[in-house]
Amino acid sequence: MARRPVVTIDGPAGAGKSTASRALAERLGFTYLDTGALYRAVALAADDDPGLAARIDASADVAQLARADETRLAAIARALPIVFSANGTRLAIGGRDVTAEIRRPEIGQRASKISALAAVREALLDVQRRIGAAGGVVAEGRDVGSVVFPDAEVKIFLTADVQERARRRTAELLARGLPADGAQVRHEIESRDARDAARAAAPLVCPEGALVLDSSALSAEAVVAVMLDAVTTRERS
């Protein structure tokens, strides 16, 4: 059987990557790889060292962290017993399901800071590439098409205007029973956009050759339909 393609879906926070990626993977029968969940898992694991967690949370950016903290976080990333299940939609650390915990807003903010650390990104790179080595993977993140899988057969950059992204994220948090203020959510998204674009290690960029898809005015079903067409066209060619 011919190797099936690797599909990468990059884009900023709130663009709808997770919803579309999971649906696309299900439609194709591919493995779903949420690379952001790996960074969130490291961010959550930092809670085991309260001093480290406090320093990350208090820092305006990771440049304020000591080299020892970066080394410690990289060690956590390398040793973390992460297991994906339910085709990548659930994540456990050491046998404990943390799928809901890693989605807390404060963990997301911490993960955004941690993801700017070159040592942490390097520690998680092999994990991601092993999952995608055999093909038949839909990988979502912020550098999957540019760094993790630069030779992916299908690359998609999913975006949306910031107002729509903030609206979606606020609705998502409220639906999960979490407090959410629209203005604060928008501020956090804009801050994360700036960090992701400016970081020295694997910044958020539109990968070369990627299909750019603006989801601002599209339903989730319409987004998946465009992606599915891109994959099936590539497989036929």
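Three strands form an open sheet, ordered S3-S4-S5, with antiparallel pairing. Its edge strands, S3 (82-85) and S5 (96-97), each pair on one side only. I took two strands as paired if DSSP finds at least two bridges between them. Helices (H or I, at least four residues) and strands (E, at least two) are DSSP runs, numbered from the N terminus. S3 and S4 (residues 90-93) run antiparallel and are joined by four bridges. I checked Val83: its bridge partner in S4 is Ala92.

A note on the source: this is a predicted model, where local features need pLDDT of at least 70, side-chain atom pairs count only at pLDDT 80 or more, and totals for chains, interfaces and linings use all residues. Residues are numbered from 1 along each chain as its sequence is written, and side-chain values use heavy atoms, with hydrogens and water left out.

Next I turned to H5 (residues 105-114). Seven of its ten residues are buried (under 20% relative accessible area, 1.4 Å probe, protein chains only). Among them are Ile107, Arg110 and Lys113. The buried residues of H5 pack against H2 (35-45), H3 (50-58), H4 (67-79), H6 (118-132) and H9 (182-198).

Last, I looked up Asp143. I found Asp143 in the loop between S6 (137-141) and H7 (144-148). Asp143 counts as buried because its relative accessibility is 3%. Its side chain makes a polar contact with the side chain of Arg121 at 2.6 Å (a pair of N or O atoms within 3.5 Å; within protein, one must be able to donate a hydrogen and the other to accept it, and residues adjacent in sequence count only if both atoms are side-chain atoms). I set aside neighbours within four places in sequence; Asp143 is then in contact (heavy atoms within 4.5 Å) with Asp10, Arg121, Val148 and Ala202.

Note on methods:
Buried means under 20% relative accessible area, exposed over 50%, partly exposed in between (1.4 Å probe, protein chains only).
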